[in-house]
Amino acid sequence: MAEAHQARMQTVVEEMVHSLERDHIRKMQGRMFSCSADCCARSSASMSEVHQCIDRCHTPLAKAQGLVTSELEKFQDRLTRCTMHCNDKAKDLLDSGAKEPAVRSLLDRCVGSCVDDHINLIPSMTRRIKEHLDSIEQ
């Protein structure tokens, strides 16, 4: 992917991830630590009970992190497939005798279109992730 397209995509994805972290994940982390501290404060509990309690406290955050990671991986896979299609088209053009400057121009436009299409998917992906994060039992 051309550097400008890659930088644009990276900026948008980072903004989304920071928003999710700030508005959802960070709150879940706070609840996890508070819950874990409560587990440790149970002086009558056995070591095993305390560990099980802490594990229960960590579960929602682990689910949330897994969800975000999975969604980002699927998004990256789709973007990669799109840019690979662009690369294939460019290679086919080169093989058919097209001039390199024209092929580079086509490749840049094609990759730019992939980036635009995928940037347009980010709001719905973000909404879907937030809905799933909100549904994770605390």
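Tutor: A residue counts as exposed when its relative accessible area is over 50%, and as buried when that area is under 20%. Please note that this model is predicted.

Student: Is Asp95 buried or exposed?

Tutor: Asp95 is exposed, because its relative accessible area of 56% is over the 50% cut-off.

Student: Which residue forms a salt bridge with Asp95?

Tutor: Lys91 does, with 2.9 Å between the closest N and O atoms. Lys91 and Asp95 both lie in helix H2, four residues apart, or about one turn of the helix. Elsewhere, salt bridges that share partners link Glu71, Lys74 and Arg128 into one network.

Student: How far apart are Glu71 and Lys74 in that salt bridge?

Tutor: Their closest N and O atoms are 3.6 Å apart. Both residues belong to helix H2, which covers residues 47-95, and three residues separate their positions. Glu71 is buried, at 8% relative accessible area, whereas Lys74 is partly exposed, at 46%.

Student: How many salt bridges does the whole structure hold?

Tutor: A search finds seven. One of them joins the side chains of Asp23 and Arg22, at 3.3 Å from N to O.

Student: Changing topic: where does helix H3 bend?

Tutor: Helix H3 bends by about 30° at Ile122, and Pro123 follows within four residues. Its 36 residues, 100-135, should span 52 Å at 1.5 Å a residue, and the end C-alpha atoms are 51 Å apart, which agrees.

Student: What does Thr126 touch?

Tutor: Thr126, which lies in helix H3, touches Met16 and Leu20, leaving aside residues up to four places away in sequence. Thr126 is buried, with a relative accessible area of 13%.

Methods
Residues are numbered from 1 along each chain as its sequence is written. This is a predicted model: local features need pLDDT of at least 70, side-chain atom pairs count only at pLDDT 80 or more; totals for chains, interfaces and linings use all residues. Side-chain values use heavy atoms; hydrogens and water are left out. Helices (H or I, at least four residues) and strands (E, at least two) are DSSP runs, numbered from the N terminus. The expected span of a helix is 1.5 Å times one less than its number of residues. The bend at a residue is the angle between axes fitted to the seven residues ending there and the seven starting there. Buried means under 20% relative accessible area, exposed over 50%, partly exposed in between (1.4 Å probe, protein chains only). Contact means heavy atoms within 4.5 Å. A salt bridge is a side-chain nitrogen of Lys or Arg within 4 Å of a carboxyl oxygen of Asp or Glu.
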